[in-house]
Structures are given as C-alpha cells and as structure tokens.
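User: I'm new to this one. Could you show me how to read it, step by step?

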Amino acid sequence: MSHLELLPINVAGEWRLGGGDEYQSLYPATGEPIARLRAASLADVEEAIAHADVAFRTSGWAQMLPHLRAAVLHRVAAIIRERSEDLAQKQRLDNGKPISETRALVASAAGTFQFFAAALETLEDTITPSRGPFVTMSVHEPMGVVAAITPWNSPIASEAQKLAPALAAGNAVVVKPAEVTPLMALELAKICEEAGVPRGIVSVLPGKGSVIGDAITKHPLVKRVSFTGGTTTGKHIAHIAADKMMPVSLELGGKSPTMVLDDADLDHAVAGVLYGIFSSSGESCIAGSRLFVARGIYDEFVTRLAEAAKNLRVGDPADERTQMGPLITAKHREGIERYVDLGVSEGGRIRTGGVRPQGAGFDAGYFYTPTILEGLTNSARITQEEIFGPVLVAMPFDNEEELIAQANDSVYALAAGVWSRDFKRAWRLGRAVQAGTVWVNTYKQFSVSTPFGGWRDSGLGREKGREGIFQYMEQKSMYWGT
Ligand code: NAD
C-alpha cells in the first residue's frame with residue numbers, strides 16, 4: 001500500500017491532499033489497494049464552497065456566451081474520448097465492473113457532455129403572449145453553487161449526468177463521489193480544467209457521506225443538490241432541503257418488475273432478463289429483480305434462464321469476455337448473502353447460484369454467483385427490499401390484472417420491463433405499470449435525450465433530456481412596460 005502515492009483532491013481550484021482521514025480505494029476483484037488518498041475535511045468543504053461561490057460570481061463562467069461555454073463542454077467530451085481506454089481501465093479498478101461495461105460508461109459520459117453542450121447552444125428564452133400593455137419574457141439564470149452527490153455503482157456516468165447540465169447552465173459544482181469510488185470524479189475535474197472550465201468552478205470532495213455529503217447539503221451557499229443513491233439517504237437529504245427551501249433531485253433505489261407474457265419471443269426475453277438483472281453484478285438501481293412469468297411458460301422460461309445464468313462468465317473484470325465481475329466490497333457481499341439466507345428462510349428455493357464461486361481467481365475478490373430464487377411471493381421481504389446484487393426472484397402469474405397489481409405493489413417505482421409480441425398487450429401493461437421508465441422487448445437501454453427518474457420511493461425529479469439543463473437554473477419572468 002505504501003508504494004501508492006497519496007492522490008490529491010480538488011479543493012477551491014487547487015489540487016492538494018485532503019484534510020481528512022487517509023483511506024484506500026480497493027480493487028474489488030482482488031481486494032488490493034489501487035489508490036490512496038485523504039478524504040476532504042469539513043474545513044475543505046467550507047473552503048471549496050466559499051471559493052466556488054466567488055468563482056461563480058467572478059470567473060466569467062456564468063456570463064460566458066452560451067456557444068463559448070458549449071465549446072468548452074465539447075472539449076470535455078473530446079478529451080474523455082481521447083482518454084477513453086485509460087479512463088475505462090481506471091474505472092474497472094475503482095469499482096470492479098467488467099471492462100466491456102466501463103468502456104460503455106466512459107462513452108456515455110462523453111456523449112452526455114456533448115449532448116448538454118448542444119442543449120446549451122440551442123437553448124431559447126421565450127417571449128410570452130402579452131395580457132396587457134407590456135411585453136413579458138421568461139428567462140433562465142444559473143443558480144450559483146450546486147452539489148452533485150453520487151453513488152459507487154456507475155461512476156463517471158453518474159457524475160457526467162450531473163456535471164454536464166450543471167456546468168452547461170453556468171453554475172459552479174461541488175462533486176461528492178462515493179467514498180469507495182473517488183477516481184472518476186477526480187479525473188473528470190482534471191479534464192474540465194484542461195478543457196477550459198475556470199479553476200474553482202469544479203471541486204471534488206471525496207469522503208464519508210454522513211460527514212462530507214451532509215455538510216455540503218446543509219451549506220447555505222449550496223443552492224441545489226442533485227443526489228443519486230439510496231432511498232434512506234435521499235429522504236434525509238429531502239428533509240434538509242425542505243428546511244433550506246432548496247430544490248433537489250433524488251435518483252434513488254428500485255425493485256423493478258420484469259413481466260414475460262406467454263407470447264414473448266423467449267430467446268430474446270431470456271437474454272434481456274439475464275442482462276437486466278446480472279449485468280453490473282445486479283448493482284444497478286434499475287436491475288430487473290422481480291420476474292413475473294406467465295404460468296403457461298413459467299417452467300420452460302425459468303429453466304432456460306437458470307441455465308443461461310449458470311453459464312454466465314463470472315470473473316476477471318479485465319477480461320473482455322467477462323460478463324459479471326465482483327461485488328463492490330466484502331461487506332456488500334455479506335449483505336447480499338444475508339438476503340439470500342432470508343429468502344430461503346421465507347420459503348424460497350435457490351434455483352441457481354446462492355454461493356461464492358470457487359477456484360483460482362476467486363479467492364480474494366468479492367465474487368458471487370448469479371442467483372435465482374423461486375417459491376416466494378411478491379410480499380416476501382426479499383421481493384420487496386432492494387438487494388442491489390445479482391439476485392432475482394422468479395414468480396408465475398395467471399392474468400394481467402393480478403400481474404399489474406403485483407408489479408405495482410412496491411414502495412419503489414423506478415423501472416419495468418415487458419416482454420410480448422403483442423403490441424396492444426405490451427402497450428396496456430406499459431401504461432398500467434407505475435415506473436419512471438418502461439422498456440418493452442428490451443431492458444436497461446439508455447439514451448441521454450430521454451428523461452430518467454423514479455416515482456414514489458425511487459425518487460423525485462428527472463435527469464437527462466433537453467429539459468435536464470433547467471434543473472440547474474432558476475426561471476425568471478420579466479415584464480417590460482410599453
Ligand atoms: P448511499 O445513499 O449510501 O450513498 C450515495 C452517496 O450519498 C454517496 O456519495 C454517499 O457518500 C452519500 N451520502 C451518504 N450519506 C449521506 C448524507 N447523510 N448526506 C449526504 N450524502 C450522503 O448509496 P450507495 O450505497 O452509494 O448507492 C447505492 C444506492 O444508490 C442504491 O439504493 C441504488 O438503487 C441507488 N442508485 C440509484 C440510481 C438512480 O438513478 N435512481 C442510480 C444508481 C444508484
């Protein structure tokens with residue numbers, strides 16, 4: 001460990017060691033340290049936010065003509081693309097996702113900067129129809145200092161999703177990445193600086209959420225928090241926001257239903273359901289973790305799915321052929337194991353998986369096998385609570401009415417999947433299921449131009465989409481007398 005140099009963090013326009021405790025980021029596939037850094041301290045938070053406020057008011061970033069600010073963001077996208085392989089490898093080490101997935105996330109981060117640069121360039125304020133002897137206009141202003149608080153499961157993509165629109169809108173941004181995955185946010189801050197974002201406009205403050213994230217959220221100069229993470233943390237942030245009368249967006253947990261109808265293309269559905277739950281080791285807010293299959297095809301479908309799950313290539317994230325890497329930490333794996341034990345104690349049968357893989361290459365990392373449980377109802381705890389791991393509960397259903405009632409019986413409502421060849425049935429179910437995103441005959445696909453967010457305990461607000469930039473702006477109506 002000592003051979004690793006301490007990584008600087010970005011506070012108030014300076015790259016320097018954090019003032020908090022030293023810690024290491026571990027490679028989940030081996031448990032080896034890959035970075036050593038000192039977390040931000042509360043004094044760092046104070047300094048970074050005060051400086052960001054000054055940079056917002058004086059650096060010229062907020063006043064820059066939109067096409068010039070957009071040009072800087074296009075450069076950010078270009079630098080991400082130039083360094084994409086290096087970034088993808090670093091992210092693999094930081095959170096253990098297979099390299100094929102981290103490459104896709106890096107590409108999506110570049111695309112996000114490009115998209116919001118274009119959104120900024122084409123933004124139009126409007127003159128509204130007059131109702132009197134005046135002309136009215138609706139204009140948008142940047143907010144000042146905004147915060148982006150992100151989880152560990154999809155770094156770079158999560159950070160880009162917040163940084164790009166917040167910067168496009170002309171704000172200063174304080175980023176608080178998850179403690180265990182600080183590297184990508186630091187890389188993005190470097191890239192922003194190189195592309196021409198003025199120093200101090202972006203700060204990165206790694207550290208404990210309950211200390212650093214909390215202090216950022218409560219800070220009076222922070223005008224908005226965009227948060228992605230767990231529902232409990234999201235509710236805590238919402239309370240602070242209510243006290244400050246601060247807008248927030250909350251992208252939270254999920255327990256998404258996937259519905260396979262008896263007329264589905266089964267090859268297609270098996271592959272899609274498999275990807276929907278086991279890609280990213282199931283550490284995905286939108287993981288399709290509750291599977292409902294029409295009773296008439298249930299046995300055949302689950303037999304094929306279990307076979308495919310058993311054959312998934314679990315292993316070294318550096319290997320291009322790997323389909324599932326390790327879990328993020330040893331502690332997280334223990335939590336998943338407890339959930340599987342709970343599922344069994346609730347009457348569930350393990351159809352496949354439910355153990356740590358054995359053999360060379362699996363000794364030190366936090367690996368777990370793709371797991372499918374059966375024999376449970378939708379009301380079991382394992383079917384209701386977010387596990388955030390490669391664990392699927394499969395259940396048969398008898399009719400559409402029962403299916404929809406069960407699919408919607410969850411505190412979460414983030415995403416859903418429907419598999420059917422019948423357009424009308426898919427339309428009916430897609431409209432009846434309560435979820436922020438519905439995939440029909442596909443799953444876990446993303447487009448930056450399409451808004452994303454959840455209902456109920458899955459969150460508040462939407463990210464992405466052209467309108468995403470307005471989340472980071474205040475609207476102002478102006479009346480001009482004639
Ligand atoms: P988490 O809530 O523990 O942490 C998320 C972030 O919040 C981290 O940076 C953490 O340090 C910070 N944080 C923790 N306590 C805080 C506090 N009191 N004040 C301010 N910040 C605080 O979540 P996690 O374990 O990192 O991520 C997993 C969760 O994220 C899952 O529930 C998953 O569903 C959710 N998630 C949601 C989406 C989405 O878009 N809806 C995407 C990815 C992950």
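This is a predicted model: local features need pLDDT of at least 70, side-chain atom pairs count only at pLDDT 80 or more; totals for chains, interfaces and linings use all residues.

User: Into which domains is the protein chain divided?

Analyst: There are two: domain 1 (6–252 + 454–477) and domain 2 (257–440). Their C-alpha centres lie 31 Å apart. Where they touch, domain 1 gives 21 residues and domain 2 gives 26. On the domain 1 side, helix 3 (84–95), helix 4 (99–121) and strand 21 (455–456) each supply at least two residues, and helix 4 gives the most, with 3. That side divides into 7 nonpolar, 8 polar and 6 charged residues.

User: Where does the ligand lie relative to the two domains?

Analyst: To place a ligand, check who supplies its shell. Here domain 1 and domain 2 both give residues to the shell, so the ligand lies between them. There are 29 residues around the ligand, and Pro-151, Gly-209, Gly-213, Gly-229 and Glu-251 come nearest. Helix 7 (209–218) and helix 8 (231–244) each supply at least two shell residues, with helix 7 giving the largest share, 5 residues. By type, the shell has 9 nonpolar, 15 polar and 5 charged residues.

User: Which residue does UniProt list for "active site"?

Analyst: The UniProt entry, which is unreviewed, lists Glu-251. You'll find Glu-251 in strand 12 (residues 248–251).

User: Is Glu-251 buried or exposed?

Analyst: For that, count the C-beta atoms around a residue: 20 or more within 10 Å makes it buried. Glu-251 has 27 such neighbours inside 10 Å, so Glu-251 counts as buried. Leaving aside neighbours within four places in sequence, Glu-251 is in contact with Phe-227, Thr-228, Cys-285, Gly-453, Gly-454, Gly-459 and Glu-463.

User: Which residues of helix 9 are buried, and what covers them?

Analyst: The buried ones are Ala-269, Val-270, Gly-272, Val-273, Leu-274, Gly-276, Ile-277 and Phe-278. Their cover includes strand 13 (257–260), strand 14 (290–294), helix 10 (295–310), strand 17 (391–397) and strand 19 (415–419).

Technical notes. Residues are numbered from 1 along each chain as its sequence is written. A residue is near a molecule or strand if its C-beta atom, placed from the backbone, lies within 6 Å of it. Helices (H or I, at least four residues) and strands (E, at least two) are DSSP runs, numbered from the N terminus. Ala, Val, Leu, Ile, Met, Phe, Trp, Tyr, Cys and Pro count as nonpolar, Asp, Glu, Lys and Arg as charged, and the others, Gly among them, as polar. Domain bounds come from an automatic or database domain assignment. UniProt positions are given in the numbering used here, feature names are shortened, and annotations may be inferred rather than shown by experiment. A residue is buried if 20 or more other C-beta atoms lie within 10 Å of its own, exposed if 12 or fewer, and partly exposed in between; C-beta atoms are placed from the backbone. Two residues are in contact if their C-beta atoms, placed from the backbone, lie within 7 Å.
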